[in-house]
Amino acid sequence: MRYNNKNYDVSFNAELKFDDNFQVSRTPQLYFGRGSVSSLEKIVSSPGNGTAAVFTGSSFLQKTGFRDKIYRMLTGSGRKVVFFAIPGEPDPSMVDDAVEEMKRNNVTITAAIGGGSVIDAGKAASVMALHSGSVRDYLEGVGTLHLKGPKLPFIAVPTTSGTGSEATKNSVISSVGEAGFKKSLRHESMVPDYAVIDPELMISCPPEITASSGMDAVTQLLESFVSVKASVYTDSLASAALKAAGMNIEKAVFNGSDVAGRAAMAWAAYVSGITLTAAGLGVVHGIASPAGGFSAIPHGTVCGTLLLPATKYIINRLFEISPDGNALQKYASASELLTGRDYKSVKEACYALIELLDEWTLKFSMPYLEKYGFEENLIRKTAAASDGKNSPVRLETDDIYNIMMDRLKENN
Ligand SMILES: [Fe+2]
């Protein structure tokens, strides 16, 4: 364990720039903490009549017995409830089919209780219920229509700690295959109206999903922290969440019944949704979109496995081109926050960050890309469709190819 329980300062704190303008999207009304799931009954009964649509994963609620408890809470409000089981990352037909049934059932409020995919599906359905046509027509880079905005009241209840979808204004919808895509449905109005974050709902999340979703949250925090669009707002939030994630990700993975560790990771993931919305993301997410369209690799897995090589590549490039720049200071600060240690120099801190990510990649058994059907040609195709997003260095297709090849297979 890296933490020595001493208070530490962030000695490389890059300058906070109060002269930059920034915009902040609204955030959900938040119910956070152990037992907070019971607030669902009150939330669901408040906005009126009609049916409640509840999106869940295909087995979670049945397995843990939470389904009955939640069903009682929802029906206690006097509403009829229709359930939709989402088996994986949502594709357009899953959303379209659900919306059709929601319209037939006079649904007036939607909740999603599950991982990022379930929340994305429910969030997309809540906005599509008040729009016509297929969700595909509204996806960025796929369709030509634009959302006008209104949606049904939407409650996000995460059962994993990863994508931060409970705080974001987009849903990721994919279609996997040769001409596959993974694109966003996005509108300011899509931020959930309510987020209910109860760490007890996360206890049964298995270690491998806790690890990949936790690594997704860390990636989102780190990428928004070093983003060229970072602001004093996102830095303040991301700093505290990076520290929480560094102290708790191993506890959540290896001691899943530690509610405090689960709560810390849940909070870190929620914050990552806020910081990514405000500051954007970096190359790992720039790769994750096309990678998830060409292969059925889960989002958390692609992020978790690429965070190490991408961070190493960017830090090494920064030492070549801008050794005294702000970006390396930010990586050094992130290193102290995640490791809980002080370092004497930026270089020492940056290499400690790479070492920590290397350690997590190994400890969490992050899979290599070849497990999901990647080979050199598919990596070349994926790299050509990727972009560096708001990474602090410019990354060309060849750079992205090199980052991906680093995680193609063992001893590559
Ligand atoms: Fe992500």
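This briefing walks through the confidence, domains, helix packing and a few individual residues of the structure above. The model is predicted, and its pLDDT averages 92 over the chain.

**Confidence**

- Of the residues in the chain, 93% score a pLDDT of at least 70.
- Residues 1-10 have a pLDDT below 50, and this stretch makes 11 contacts in the model beyond near neighbours in sequence.

- Where the domains touch, domain 1 contributes 22 residues and domain 2 contributes 24 residues.
- On the domain 1 side, strands β6 (170-175), β7 (181-186) and β8 (194-197) each supply at least two residues to the contact.
- That side of domain 1 consists of 6 nonpolar, 12 polar and 4 charged residues.

**Helices α7 and α8**

- Helix α7 (residues 232-254) packs with helix α8 (residues 259-279) at an angle of about 145°, and their axes are 8 Å apart.
- The crossing of this pair, α7 and α8, is left-handed.
- On the α7 side, the residues that meet α8 include Tyr 233, Leu 237, Ala 244, Met 247 and Asn 248.
- On the α8 side, the residues that meet α7 include Arg 262, Ala 264, Trp 267, Val 271 and Ile 274.
- By class, the contact of α7 with α8 holds 17 nonpolar, 5 polar and 2 charged residues.

**Ala 264, a residue of α8**

- Ala 264 sits in helix α8.
- Ala 264 counts as buried because 23 other C-beta atoms lie within 10 Å, and 20 or more is the cut-off for that class.
- Setting aside neighbours within four places in sequence, Ala 264 is in contact with Ala 244, Met 247 and Asn 248.

**Helices α6 and α11**

- Helix α6 (residues 207-226) and helix α11 (residues 326-339) also form a packed pair, with an angle of about 145° and axes 9 Å apart.
- The crossing of α6 and α11 is right-handed.
- From α6, Leu 222, Phe 225 and Val 226 take part, and they meet Ala 327, Lys 330, Tyr 331 and Ala 334 of α11.
- In the contact of α6 with α11 there are 6 nonpolar residues, no polar ones and 1 charged residue.

**Leu 185, a residue of β7**

- Leu 185 belongs to strand β7.
- With 27 other C-beta atoms within 10 Å, Leu 185 is buried.
- The contacts of Leu 185, leaving aside neighbours within four places in sequence, are Ala 124, Val 135, Tyr 138, Leu 139, Asn 170, Ser 171 and Ile 173.
- One of these partners, Ser 171, is 14 residues away from Leu 185 along the chain, and the two C-alpha atoms are separated by 5.2 Å.

**Residues in loops**

- Most residues other than glycine have a negative phi, and the next two residues are worth a look with that in mind.
- Ser 365 has a positive phi, near 50°, and is not a glycine.
- Ser 365 is located in the loop between α12 (346-363) and α13 (376-385).
- Ser 365 is classed as exposed because 11 other C-beta atoms lie within 10 Å, and the class covers residues with 12 or fewer.
- Lys 389, likewise not a glycine, has a positive phi of about 50°.
- Lys 389 is part of the loop between α13 and α14 (397-405).
- Lys 389 has 19 C-beta neighbours inside 10 Å and so counts as partly exposed.
- Gly 88 can be found in the loop between β3 (81-86) and α4 (92-104).
- Gly 88 is partly exposed too, with 16 other C-beta atoms within 10 Å.
- Gly 88 and Ser 204 are 116 residues apart along the chain, and 18 Å separates their C-alpha atoms.

Technical notes:
Residues numbered from 1 in each chain as written. Predicted model: local features only at pLDDT ≥ 70, side-chain atom pairs only at ≥ 80, totals over all residues. Axes fitted to C-alpha atoms, helices over the stretch in contact; angles between N-to-C directions. Helix = DSSP H or I, 4+ residues; strand = E, 2+ residues; numbered from the N terminus. Left-handed = near helix turned anticlockwise from the far one by under 90°. Contact = placed C-beta atoms within 7 Å. Nonpolar A, V, L, I, M, F, W, Y, C, P; charged D, E, K, R; others polar. pLDDT = per-residue confidence, 0-100.
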